[in-house]
Amino acid sequence: MAGVDSQTELLRFGPVGKTGPTHKEQVTPHKISLLVLIYEYCELKKKQNQPFIFGQSNTLDPEERISESEKRDFMTLILKLLQSPDLPLKELLNQTQNILKPKIFDEFVDRLKEFYEEDVLPLMDFFQELHRMLTEPITPEMPVISSSSLLGLFFRRMILVFDSLSFSQVTILYNQFKHYYEEVNGPAQIDESENFGGSLMDSITKETERLTCSALGRESSHLGGTKSESGGYFSHKQAEYFISRQGFLLQHNEKEAMSPKELQTQISNMLQSNPALAEAHFLSYMNNLRVKEYCTAVHNLFHCFDRNTNFTDVNLANKTVEEDVSRRYASLNLAGLHFRFGHKEEALAALQEAIRMAQETNDHVCLQHALSWLHRIEDAGNTRTASLIARSVDKSEEMSLPNITSLSVQALAKHNAFFTARPSSVIEYMLKSDILNCQHSQPHFMCVSYAQKAALWHMYGKRESSSMCSQLVLNLDTSEGGIYHNGESVCLALCNIARIFADEGNYVLALEVINNAKQRFPPQTQHAHLWMTYEQEIMFDRSLLSQKDELASQALTGLQALDEDEYKLRSGIFKKEKGDVSTALSTLTRLKEHVTTNSQKFSPEFLCRVMLALADLYIQTGNHISATSQILECITKSEEHHLEYLHSLAAVYLAFVQLLMRLPEKGLSLLDQHMVTVLSHGSCLDRARTLYCYARCTVADGNRLSATDRKSSLLQAINTMTTVIELFKKLDAHMRVKDATYYLARLYHELGYTAERNKCAYEFKQLDSQFPTHSQGTVLRL
């Protein structure tokens, strides 16, 4: 990420181990232009604010009178320019021309032209005028510029620096201004007659000036006012503001921050002006983390804390304390870096080093940060991890560290949810986190809390509660300094809402929400992989249901690069639908073994989904015993972790197996117990499959009824199948619509409804010509 210039700059140290001293403030051509701009504005405002004198006309032309809105726009522009790095003159003119009054703009341009054409003397006279402006009031009560105001402090700093320049440095500054001015207006045209007229001494003098200017141009780097090809000059204050602003944006709203390449260019330019600025290296470290560039991130992190090390012998006691703090927080950041890139052993080693140094100096705050990282790096799902989280919550609350306390409470809730705790206790912990976030006004952590609650409700199978929590994330007022929080929790909330729309067959709305996530999180941002993953999953599900195998295969290929485990599960399902039973069985079996072996890395919901996929495969191949084994194992797992919806869905699978084993009364009894849960919280596909199974069980169980009761059950099954077909059509599930239409025709035939039967038969024939059945197993699926 970092440019070549910044990389070489990182390795240049002064005689005492740090980089050479940097000037915190410099007079540059850009700042001279700002001084002129403010000066001309104040001159016009001075005329407007002149006290009334009898006998004199104080009226101004409308073009010279400054309105309140124009004052506000000018002050906003000046504040932005003071905080920004040096700009080329062309860009400065573009930004000011539409805001300034024409008279001020013309005076501003004329003054710059005067500096360019009349050598150093007008520049020196101008700074004398600035002296006068700070001391001469418009009225006894109203100075032109208050010396303690923002503009007054800027004037005083520039005057002080300019007065400290020697004559040769002023000459260098003037030549820099000439190059700055010529970038827009071009070099002054030399009269051809001058080459033939004048004395020999004049020619020698001009040639000497030309050589001197070029020599001064090469030696002017110590002024710090030159503009590099990559960007403008940063003063120390401008650099500090830029770092704090970009760092805040990277944490709260990455879209509003500069792109990774542009930001790294500005950081490299900043280090040319301020080589000893450690915070610039840390900003570069954050910038490399967002694009997952490991080597340069480590490089910048090391150099950030190297710059914080004091090698001089002044204040030895303070030096030792600062170095200790720098070293232990360097180890803490290094642990977080390794964890982010999946280097668990390296992360633990760095974290242990930080803990050791914090214990030696009794730094309890650093210890709490380290403890919160430790329970995250440790294996989840064991008793030691729960103990670490509980200790972190208690100690952080005791030390009044609300950030760590809130995150630790949420981590404990997640741990308990994966570790068979009751849902009521898990949600109670999340409620404590919400109360803490409200008490300390932490909107960022409130978003994280609601996003985690949405994920927990989804795991428990409560779709409406999950959707509500996701919408709360998007409707929270998270503005801070005019910037709204736009982090990982917001992206997850958008993706969850998109998935809910897709589950209901509203694919257009789902893709609209995904497009909104694309705008909020462009591809170069660090959370873009979330919407990419959900987009591929939605496209796969839609293509699989509508029998578009090529699109489903493309979605699988895209998913493989984003989520390997989800890819394996859906790959097994895709091969099962294609009729490749042996490959699907081996894929799903290996995935189940992998999830069972590394259970601490997966949610219990994922394992249940794998088991149901295997059960569906066994059902299609007629292996009812193996299917029953997988279903019962899924029921046991879902009951253990209180996954009510997955438990009910597994019961529907079991009822379907009982139907195939000619035990419809058992299946009907099971459906009566669990069907309400699926119909209340299930997706459109699950509701349709459950109703389809219920209709078939009702018809099969009606064989032992009287003729009247059997006809009643057949009519009830027809109404149910009509609903099933509507749900399948909503999902564009053409093969399932064909199967349901065939079954509905059979029902009409048994009742003797010839016209309705023929209509269903015609629809079936049309669908069969478009979507022929290639695999016998698809007929037996649920």
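**Figure 1. The buried residues of helix 33 pack against helix 32 (684-701) and helix 34 (734-751).** Contact denotes heavy atoms within 4.5 Å, and helices (H or I, at least four residues) and strands (E, at least two) are DSSP runs numbered from the N terminus. The model is predicted, so that local features need pLDDT of at least 70 and side-chain atom pairs count only at pLDDT 80 or more, whereas totals for chains, interfaces and linings use all residues. Residues are numbered from 1 along each chain as its sequence is written, and side-chain values use heavy atoms, with hydrogens and water left out. The buried set of helix 33 includes Arg710, Ser713, Leu714, Ala717 and Ile718, and also Met721, Val724, Ile725, Leu727 and Phe728. Here buried means under 20% relative accessible area, exposed over 50%, and partly exposed in between (1.4 Å probe, protein chains only). Helix 33 (residues 707-730) has 24 residues and should span 34 Å at 1.5 Å a residue; the end C-alpha atoms are 35 Å apart, which agrees. The expected span of a helix is 1.5 Å times one less than its number of residues. Just after helix 33, Asp732 adopts a positive phi of about 60°.

**Figure 2. Helix 25 has buried residues that pack against helix 24 (528-545) and helix 26 (564-578).** The buried positions of helix 25 are Ala552, Ala555, Leu556 and Leu559. Viewed down the axis of helix 25, these buried residues fall within an arc of 105°, so they line one face of the helix; the arc is that of the directions from the helix axis to the C-beta atoms. An α-helix has 3.6 residues a turn, so residues three or four places apart point the same way. Glu550, Gln554 and Thr557 are exposed on the face of helix 25 turned away from its buried side.

**Figure 3. Helix 19 (residues 423-439) and helix 20 (residues 443-460) have axes that come within 9 Å and cross at roughly 165°.** That makes helix 19 roughly antiparallel to helix 20, a label for angles over 145 degrees. Axes are lines fitted to C-alpha atoms, for helices over the stretch in contact, and angles run from 0 to 180 degrees between N-to-C directions. On the helix 19 side, the residues that meet helix 20 include Val426, Ile427, Met430 and Asn437; among their counterparts in helix 20 are Phe445, Tyr450, Leu456 and Trp457.

**Figure 4. Ile355 is found in helix 15 (residues 344-360).** Ile355 is buried, with a relative accessible area of 14%. Leaving aside neighbours within four places in sequence, Ile355 is in contact with Leu367 and Ala370. The C-alpha atoms of Ile355 and His369 are separated by 9.4 Å, the two residues being 14 residues apart along the chain.

**Figure 5. Lys292 and Ser400 are loop residues with positive phi.** Most residues other than glycine have a negative phi. Lys292, with phi near 60°, lies in the loop between helix 12 (278-290) and helix 13 (294-307). Its relative accessible area of 54% makes Lys292 exposed. Ser400, with phi of about 60°, occupies the loop between helix 17 (383-398) and helix 18 (402-418). Ser400 also counts as exposed, at 59% relative accessibility.

Notes
Angles under 35 degrees count as roughly parallel, over 145 as roughly antiparallel, 65 to 115 as roughly perpendicular and the rest as oblique.
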